[in-house]
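Hello,

Here is the model we talked about handing over. My notes follow below it.

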Amino acid sequence: MESLFFLVVAAVAIISSILVVTCKNPINSALSLVMTFFCLATFYVMLDAPFMAATQVIVYAGAIMVLIIFVIMLLNVRVETVKRGTHAVIAGSAIGLFVLFQTVWFLMKGSMTGQVGTMTKEQIVSVGHVELIGKALFTDFLLPFEVTSVLLLAAIVGAVVLAKKKI
Amino acid sequence: MDTLILGLPVAYYIAMVAKVLVAFVFVLLTVAYATYAERKIIGHMQVRLGPMRTGWHGLLQPIADGVKLFFKEEIVPSQASKFAFLIAPLVALIPAFISFAVIPFGDSVTIGGYTVPLQIAAYYDEAGKQVFDINVGVLYILAMASLGVYGIVLAGWASNSKYSLLGGLRSAAQMISYELAAGLAIISVFMLSESLSLHKIVADQAGGAWYAFKQPFAFIIFFICSLAEINRTPFDLPEAETELVSGFCTEYSSMKYAMFFMAEYANMITVCAVTTTLFLGGWHGPAFLPGWFWFIAKVYFLIFLCMWIRATYPRYRYDQLMRLGWKVFLPLTLVNVMATGLWVMFISK
């Protein structure tokens, strides 16, 4: 059941990510990207990580993609008329193939299987996924957390400065 | 009871399907009759009768409206982006309905020796004698609410009309701004309940200890921001019929228009149900009536409140709306979160 469901979601993810790059209309590409994010969220749910799934949908599908669509709408880029350069396509597919080959090779080598970390499924179910993430975030990873928040604050201030000439 | 399909008893599947069907049909019926109730209530508030001709006191009006919209001509503007134009009403409608999956609408009931919690995304663990639900229910609702904006933005853009685009842009800005304040208002609730699971939040409010009493500011701000997020009066700027000729749905006709309408009412019901769950004790109430009755009663009261507000207040101006969201509600909710934090830290422990 679970593997069948996985295959269905995986198929949708692959098809929609292909559509992201093949769609002529940028809005349709953006929508396909939202669909891909959704499939990713479904995978998080299947991995017993509902918090990650919810954050994925809220942050990527709900906030970032809305802004991207906003920008595309305001620029009013309709259908792309410029023919894409063939050199770029060849280079891109070469890099893509290389990465695919590398991933499959590492998976086949088997160095990534069989290792169990400290977080087991039983622990996640009994303590709670959100509680575990929260505890780790605010104790073990406090410094990265604070650094990230300062970085985000700087980004917000920067956005305000760029948007407003006179403050 | 003994037959297992994929490790779960047959009764589990029957209960799941039954719960989904009952909840879905009930919400659909409420959507249909909310349109009727709105016309009747506003009618009586303005000393009019409202619909009277179709059936007894106009009770068949929603069905007549549905049939009319179903048989109307379907018009797609020639300059529209077809795919986005067709998909937009669905994108608006679906998140409004699937938010209901995590809302507990009653206590567990026992049917044929099998305990079923009245919440779609939940199951009863026979061994541990407790209900498990999706433990990020609140975040799930926020996620679905943030998806609703796509429907309106897409509709506005795909119609390829100035008014629609303006309506779509306005609504996107409005929904994003108010989502923030609504989310921050909820934070103070789960600081008190120490859980994101809606089942636990409802369980915490048993015996009249509603979060509306403990968090009055959060309650009021959440309700107002939710009204803004679902584009209800006094924040219905995206459709503003006087200036934008109905905004994002100007170019829509027939069933697609009806879908936007259904999405609006379904969103209203969802928001009222979420407010009930988070602040008004969910299905808890005096024990002489079942839990689902109290839940429905509270939700209907909030829906009535929405309609009352619509009959009372004029529409906000756009800059006033933005100022209210960013300069009043956002700081207020931040102060509220901080005050709750201090209270939890120093007084309640």
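**Chain A: contacts and make-up**

Of the contacts in chain A between residues at least 6 apart in sequence, 51% join residues at least 24 apart. Two residues are in contact if their C-beta atoms, placed from the backbone, lie within 7 Å.

This is a predicted model: local features need pLDDT of at least 70, side-chain atom pairs count only at pLDDT 80 or more, and totals for chains, interfaces and linings use all residues. Residues are numbered from 1 along each chain as its sequence is written, with chains lettered from A and ligands numbered from 1 in the order in which they are written.

Chain A has 7 helices and 0 strands (DSSP runs: H or I, at least four residues, for helices; E, at least two, for strands; numbered from the N terminus). Buried residues make up 13% of its 167 residues (buried: 20 or more other C-beta atoms within 10 Å of the residue's own C-beta, placed from the backbone).

**Domains of chain A**

Chain A splits into domain 1 (1-82), domain 2 (83-115) and domain 3 (117-167). The bounds come from an automatic or database domain assignment. The C-alpha centres of domains 1 and 3 of chain A lie 23 Å apart. Their contact takes 4 residues from domain 1 and 5 residues from domain 3.

**Core**

The largest nonpolar core has 112 residues (buried Ala, Val, Leu, Ile, Met, Phe, Trp, Tyr and Cys joined through C-beta atoms within 7 Å). Helix α4 (residues 137-158) of chain B gives the largest share, 17 residues. Cys225(B), Ala266(B) and Ile269(B) have the most contacts inside this core. Beyond its neighbours within four places in sequence, Ala266(B) touches Val27(B), Val31(B), Leu93(B), Ala96(B) and Phe97(B).

Best wishes

Methods:
A residue is buried if 20 or more other C-beta atoms lie within 10 Å of its own, exposed if 12 or fewer, and partly exposed in between; C-beta atoms are placed from the backbone.
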